[in-house]
Amino acid sequence: MPSTSLPDNWRLLLAGYVLDDLTSEETAQVEQWLADYPETVAELTMLQGTWDSLPESLLPQPLPPHLRNQVMTAIEPRSMAPQPFPLLTPPTSSTGLPQAQIARSQEEPRFSARRFPWGKVGLGLGWVATALALMAVMQENQRLRLALRQNEAIVASFSQPGNPLFTLAGTEAEPQASGRLLVNPTTQTALMITTDLPPLEADQVYRLWAMAEGNPIFCGQFNPDTAQATQEWALPDSACSASNVQMLVTAERAADPPVPAGSLVLQSQSQS
Amino acid sequence: MSPFKEPDAQDPSSESDHDLVARLWSGQTDALAVLYDRYAQMVYTLALRMLSNSAEAEDLTQEVFVNFWQRRQYDPSRGSVGSFLATYTRSRALDRLRVSGGRAVILQRFQRLSLASSTGLTPLEHASRSEQQQQLRAALDQLPATEREVLEIAYFEGLSQSQIAEKLGIPLGTVKSRSRQGLLRLRDLLQPPNQ
């Protein structure tokens, strides 16, 4: 039962919050309720869930039969001919590295790098998930303050003795940039802290590679949105958590398959 | 008869979405094929409804699934795979339609997907998927037509309240009250409060 301090129309205002039709004063009021009254969070969840379920009310349309194969082909990098990694030293010109010769079996989809205000915070940290459930309903400045505290805690948790830590230097393509890469082999997660690595356009992304015996292993991708940015993600390959590898960052087109083709922007010390 | 495939009947493995995602992110891309079989029709249907163009809907469907695998933005603690895919599809469709005033607004709406918790607070949590769809359609049928209309325009066309008011030739206050009441009524029909 709702607290007697909530006005009678509290559910209508929550509905307005989901529909995004509130004034800034109404928004502030709702967000205060969410902080003060747990029943409002539960009800907002129900309303949001109702709104999010609307696509299921549509009469299903038949799928184009060729689409399944097209999608599965798009995600299988091993189906493409393996290419040597173009360069391990900084490029001598600003035009970047030559494009890898990769045959594309279908039209390139139009992608756009979608970035969130904070990285994938909370992998393996249970207490963060609870806080995150509230973050979506908090005001932007509250979110940023909370994210900053969480980032500090995450960096601290990653800095364990024995965990691989890489210092990345900017290449000629981005001489001012630097990075620190912390890897947690137990949770198979990476934490990338970049300084002065510029945000990329919407259709581009930075990709991390581990050089294992001359072959680049894809280790994740990110796009910083501030001069000092922290990003965290799950590692796609266990080779990414080895400590005796060279780590490289390139600038890629987001639509491209995970094979390095773009400019080298950051690199750790060579292990050869 | 359910128009959407039911995982138990159609998938040999009957693997949970959670397990499929875990396998997918450990590199087993065959898991995406199963997720595709479960959700591609919903994604494509939504994309087609919003974009009104089958080539664009195909393109968006491919983008949604490839991004799901490649960008790993889905967080299981923040909601179900179906909810994530639906919200992501809608968000990307709105981007393509270039409505609702720009990326900041779209991002904000997208972030609210986290509220559909996987711990059982969504209205349709305890029904099978086909039951959910039937319940939802039945509930929508029970809404006053004026309320249903503004909700569907807001969701599938991504128009703001003022844009809807202009489109329908009714006052902004009327749009607000119809859509808010409609959402509350729909929510109550799907799962009556205090039960």
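A nonpolar core is a set of buried Ala, Val, Leu, Ile, Met, Phe, Trp, Tyr and Cys residues joined through C-beta atoms within 7 Å; a residue counts as buried if 20 or more other C-beta atoms lie within 10 Å of its own, as exposed if 12 or fewer do, and as partly exposed in between, with C-beta atoms placed from the backbone. The model is predicted: local features need pLDDT of at least 70, side-chain atom pairs count only at pLDDT 80 or more, and totals for chains, interfaces and linings use all residues. Residues are numbered from 1 along each chain as its sequence is written, while chains are lettered from A and ligands numbered from 1 in the order in which they are written.

**First stop: the largest core**

Select A:L181, A:A190, A:C219, A:M247 and A:V265, the residues with the most contacts inside the largest nonpolar core, which has 35 residues. Elements giving two or more residues to this core include β2 (178–184), β5 (215–222) and β8 (263–267) of chain A; strands are DSSP runs of E of at least two residues, helices are runs of H or I of at least four, and both are numbered from the N terminus. The largest share, 6 residues, comes from β4(A).

Next, centre the view on A:C219. Leaving out residues up to four places away in sequence, A:C219 touches A:A190, A:L208, A:W209, A:A210, A:L235, A:P236, A:D237 and A:C240; two residues are in contact if their C-beta atoms, placed from the backbone, lie within 7 Å.

**Second stop: A:V249**

Select A:V249 in strand β7 of chain A. A:V249 is buried because 31 other C-beta atoms lie within 10 Å. Show A:L264 as well: it stands 15 residues from A:V249 along the chain, and their C-alpha atoms are separated by 5.9 Å. Beyond four places in sequence, the contacts of A:V249 include A:L168, A:Y206 and A:V265.

Move to the loop between β3 and β4 of chain A, where A:D196 lies. Its phi is near 60°, a positive value in a residue other than glycine. A:D196 is partly exposed, since 15 other C-beta atoms lie within 10 Å.

Now display chain B, which has 10 helices and 0 strands. Buried residues make up 45% of its 195 residues. A second, separate core of 33 residues includes B:L35, B:L60, B:F84 and B:A86.

Finally, select B:R72 in the loop between α4 (54–71) and α5 (81–97). Phi of B:R72, a residue other than glycine, is positive, near 55°. With 17 other C-beta atoms within 10 Å, B:R72 is partly exposed.
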